[in-house]
Amino acid sequence: MLNHIMVGSGDIEKSKTFYNAVLGVLGAGEPMAHVNDTGQTRLFYTHDGSTFSVSEPINGKPVQASNGSTIGFVCNSPEQVQELHDVAVANGGTSIEDPPGLREGSMGPMYLCYFTDPDGHKICGLHRPA
């Protein structure tokens, strides 16, 4: 259903360092860097048929995180959920909500972690046990 997700960055090199580490936990490699026709740098991380992108804002205004938005990444184990969280925090992310772990709810059991990236975008790591 989705082709890609793109978030803004106020410091593209800081974002690259952060997302190289965080997405590396999931198996993504170095991003393809591209400078568009109006001079903004964009990073494209492709992995398992999905693309996650980070871009300097085209309109030249400051980056704003979207209130109510969450970007969720699939993890293959509870341990990977924890590692994703820990790597994010070690690289400039901020842990938010409850600590990483099992949540029981109406949608069934899930291992979750939540953090924000250096620009304030809310990120989730999620693993659904079999």
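Leaving aside neighbours within four places in sequence, which residues is valine 35 in contact with? The answer is Gln40 and Thr41. The model is predicted.

**Valine 35**
- Valine 35 sits in strand E2, which covers residues 32-35.
- Its contacts beyond four places in sequence are Gln40 and Thr41.
- Serine 55 is 20 residues away from valine 35 in sequence. In space, the C-alpha to C-alpha distance between valine 35 and serine 55 is 9.4 Å.

**Largest pocket**
- The largest pocket holds about 580 Å³ of space.
- Its lining counts 21 residues. Nearest the centre of this pocket lie His47, Ser50, Gly72, Phe73 and Val74.
- Strand E5 contributes the most, with 4 residues.
- By residue class, the lining of the largest pocket has 11 nonpolar, 9 polar and 1 charged.

**Second largest pocket**
- The volume of the second largest pocket is about 170 Å³.
- Its lining includes Met6 and Val7. Also among the lining residues are Ala65, Ser66, Gly68, Ser69, Thr70 and Ile71. Gly120, His121 and Lys122 complete the list.
- The lining of the second largest pocket divides into 4 nonpolar, 6 polar and 1 charged.

**Salt bridges**
- The structure contains 3 salt bridges.
- One of them joins the side chains of lysine 16 and glutamate 30, at 3.9 Å from N to O.
- Lysine 16 belongs to helix H1 (residues 12-25), while glutamate 30 is in the loop between H1 and E2, so this pair ties together parts 14 residues apart in sequence.

**Nonpolar surface patch**
- Met1, Leu2 and Ile5 make a nonpolar surface patch of about 420 Å².
- Methionine 1, one of the patch residues, is found in the segment before strand E1 (4-8).

Methods: Residues numbered from 1 in each chain as written. Predicted model: local features only at pLDDT ≥ 70, side-chain atom pairs only at ≥ 80, totals over all residues. Heavy atoms only, no water. Patch = residues over 30% accessible without salt bridge, like charges linked within 9 Å, V, L, I, M, F, W, Y side chains within 5 Å. Areas by Shrake-Rupley, 256 points an atom, 1.4 Å probe, with all protein chains shown as cover. Salt bridge = Lys/Arg side-chain N within 4 Å of Asp/Glu carboxyl O. Helix = DSSP H or I, 4+ residues; strand = E, 2+ residues; numbered from the N terminus. 1 Å grid on protein atoms, 1.4 Å probe; cavity = no way out; pocket = protein on both sides within 12 Å on 5 of 7 lines; lining within 4 Å. Points joined across faces, edges and corners; volume = space filled by probe spheres on them. Nonpolar A, V, L, I, M, F, W, Y, C, P; charged D, E, K, R; others polar. Contact = heavy atoms within 4.5 Å.
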